[in-house]
Amino acid sequence: MRQFGWLTSIFICIMLISGGCKQREKTAPAVLYTSQDQVYGEKILKEFTRQTGVEVRALYDSESAKTAGLAHRLRYESQYPECDVFWSNEELYARNLARQGLLESKRLQTFGYRTRRLVINTNKLALTNAPKSLLELTNDFWRGKVAIAYPLFGTTSAHFLALRQLWGDQLWKQWCHGLVRNSTKVVDGNSVVVRMVGAGEALIGLTDWDDINAGKKQGYPILELPLNGESIAIPNSVAEVHSAPHPVEASILHDWLVKPEVVNQLVQLGALEGT
């Protein structure tokens with residue numbers, strides 16, 4: 001009987017160890033690279049883990065480099081991917097990465113949107129005196145009074161490319177040179193643009209709606225100008241990385257992020273302007 005009890009104990013231990021290994025494999029973490037603002041992303045991902053049991057290890061971008069930094073990292077890791085899902089707050093880089101075969105193009109989806117806006121300091125600039133076109137920002141009146149984020153990265157880059165298509169190369173290049181001659185303030189991100197306008201360090205800025213919305217909540221005396229033909233709407237995008245190390249968890253996370261109730265939550269949080 002003692003021998004039987006000893007063998008039973010060993011069998012139980014083996015079963016517990018085996019079961020523990022299966023449990024760990026089943027709940028492998030999903031690695032996410034995202035340019036969505038961390039203040040919004042953390043809330044969404046915490047709810048995802050609560051509902052699915054899948055842990056997410058998220059790498060967020062820097063304010064200055066935005067999506068470009070994460071895209072370069074995905075290219076660098078292409079031979080040995082470490083990321084499972086790429087969630088971007090714009091789609092330009094995601095499309096390029098999919099064309100390069102680094103993202104699963106058939107699983108690339110867009111959802112929600114934010115608009116690009118001009119924002120003004122209402123204590124220093126009357127709405128009636130605000131420019132009606134981005135082309136006016138090169139006028140001498142706005143010298144040293146305009147702020148933009150680096151146009152090499154993020155949504156500012158996408159907006160500049162869209163304006164080049166809208167206006168044509170010659171007018172677009174003249175406008176870019178005009179911004180430089182007019183001592184336009186080029187800063188580390190769209191949220192910095194809003195802070196500068198809110199503090200009166202610039203009278204007007206070109207930025208994203210969600211940053212304006214966040215600035216209003218902080219009590220800045222700011223107001224966005226109406227949309228016009230030079231404005232663009234920029235959606236979020238999500239795609240699974242080609243040869244993702246955790247494909248099952250990647251698929252679960254991907255499908256969860258584009259669920260209507262999750263998109264609506266992002267709108268309520270202020271990360272997205274609409275669905």
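Biologist: How do you know that strand E4 (residues 109-121) pairs with E9?

Modeller: E4 and E9 are joined by 5 bridges and run antiparallel. Two strands pair if DSSP finds at least two bridges between them, so E4 and E9 qualify. Within that pairing, Phe111 has Asn236 as its bridge partner in E9, and Arg114 has Ile234.

Biologist: Happy with that. What should I keep in mind about the model and its numbering?

Modeller: This is a predicted model, in which local features need pLDDT of at least 70 and side-chain atom pairs count only at pLDDT 80 or more, while totals for chains, interfaces and linings use all residues. Residues are numbered from 1 along each chain as its sequence is written, and side-chain values use heavy atoms, with hydrogens and water left out.

Biologist: Why is E9 called largely enclosed?

Modeller: Of its 8 residues, 7 are buried, so the rest of the structure largely encloses E9. Buried means under 20% relative accessible area, exposed over 50%, and partly exposed in between (1.4 Å probe, protein chains only).

Biologist: Which bridges link strand E3 (residues 85-88) to E9?

Modeller: E3 is joined to E9 by 4 bridges, and the two run antiparallel. Phe86 faces Ala239 of E9 across the pairing, and Trp87 has Val238 as its bridge partner there. E3 also pairs with E1, in the parallel sense, over 3 bridges; in that pairing Tyr33 stands opposite Phe86.

Biologist: How do you know that both faces of E3 are covered?

Modeller: In a regular strand the side chains alternate between the two faces of the sheet. In E3, Val85 and Trp87 lie on one side, Phe86 and Ser88 on the other, and all are buried.

Biologist: Let's turn to Ser35. Where does Ser35 sit, and is it buried or exposed?

Modeller: Ser35 belongs to the loop between strand E1 (30-34) and helix H2 (38-52). At 0% relative accessible area, Ser35 is buried.

Biologist: What makes the approach of Ser35 to Asn89 a polar contact?

Modeller: A polar atom of the Ser35 side chain lies 2.9 Å from the backbone nitrogen of Asn89. A polar contact is a pair of N or O atoms within 3.5 Å; within protein, one must be able to donate a hydrogen and the other to accept it, and residues adjacent in sequence count only if both atoms are side-chain atoms. The 2.9 Å separation falls within that limit.

Biologist: How many disulfides does the rule give?

Modeller: The count is 0, where a disulfide is a pair of cysteine sulfur atoms within 2.5 Å. Cys83 is buried at 1% relative accessible area, and Cys176, at 18%, is buried too.

Biologist: Why are helix H7 and helix H8 called oblique?

Modeller: The axes of H7 (residues 190-199) and H8 (residues 209-217) come within 9 Å and cross at roughly 40°. Axes are lines fitted to C-alpha atoms, for helices over the stretch in contact, and angles run from 0 to 180 degrees between N-to-C directions. Under 35 degrees counts as roughly parallel, over 145 as roughly antiparallel, 65 to 115 as roughly perpendicular and the rest as oblique. H7 and H8 are therefore oblique to each other.

Biologist: Lastly, what makes Ser183 and Ser243 partly exposed?

Modeller: Ser183 has 41% relative accessibility and Ser243 has 48%, so each falls in the partly exposed range. Ser183 is in the loop between H6 and strand E6 (185-187), with a positive phi near 55°. Ser243 is in the loop between E9 and helix H9 (247-257), and its phi is near 60°, also positive.
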